[in-house]
Amino acid sequence: MNSFRLPKKEAMFRLNRKGITSTIGYLFLLLTILFLPDLIGTIIRLDSSLTEVSRGLYLAQVFVFYPLLIIFLIIVGVSVFAGGALLLRKALGRKLTYQQLWKMTAYASTIPLILTVVLKNISVPDSISALLYFTIFSFLMYRMIMIYPKASRKRS
């Protein structure tokens, strides 16, 4: 619920107290729920002309490798976006660590991801959906980074 309340200060600080494992679990659960209709549709459209061995391998890919791919894409995607947030933090001169930015990035992706999946299901072009995702995500990250105090300058 705190992900929907971002960029409010209280929600952001509560989410930053969560561990990295909880954050990854949250993202995995969110993406599983969001892509479950596609997964079910893929299984339903399974070609009936496949042999039992082919069907078994296909289902193994869907139930074993697909979740592993989701976890990999979560970690890589959030890490890349957190790297971008690190550059934004540096430009804004705020006191934040990469770990904090990583968690903030993960939770700030909630609303844009849900919106992207909804737009995909109503046949909105991917370019518009991606532009909307990056716009909302960038706005949320900017607002959340601005809440943190400025980094103190080191005296020479």
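User: How many residues does helix H6 have, and what span does it reach from its first C-alpha to its last?
Analyst: In this predicted model, helix H6 (residues 126–147) has 22 residues and reaches 32 Å from first to last C-alpha, close to the 32 Å expected at 1.5 Å a residue, the expected span being 1.5 Å times one less than the number of residues. Helices here are DSSP runs of H or I with at least four residues, strands are E runs of at least two, and both are numbered from the N terminus.

User: Which residues of H6 are buried?
Analyst: Ser 129, Tyr 133, Phe 137, Leu 140, Met 141, Met 144 and Ile 145 are buried, where buried means under 20% relative accessible area, exposed over 50% and partly exposed in between, with a 1.4 Å probe and protein chains only.

User: Why are they on the same side of H6?
Analyst: Because they cover an arc of only 130° around the axis, taken from the directions from the helix axis to the C-beta atoms. On the other side of H6, Ser 127 and Leu 131 are exposed.

User: Switching topic, at what angle do H2 and H3 cross?
Analyst: The axes of H2 (residues 20–44) and H3 (residues 52–92) cross at roughly 145° and come within 11 Å; axes are lines fitted to C-alpha atoms, for helices over the stretch in contact, with angles from 0 to 180 degrees between N-to-C directions.

User: And the whole chain, how many helices and strands?
Analyst: The chain has 6 helices and 0 strands, and buried residues make up 31% of its 156 residues.

Methods: Residues are numbered from 1 along each chain as its sequence is written. This is a predicted model: local features need pLDDT of at least 70, side-chain atom pairs count only at pLDDT 80 or more; totals for chains, interfaces and linings use all residues. Side-chain values use heavy atoms; hydrogens and water are left out.
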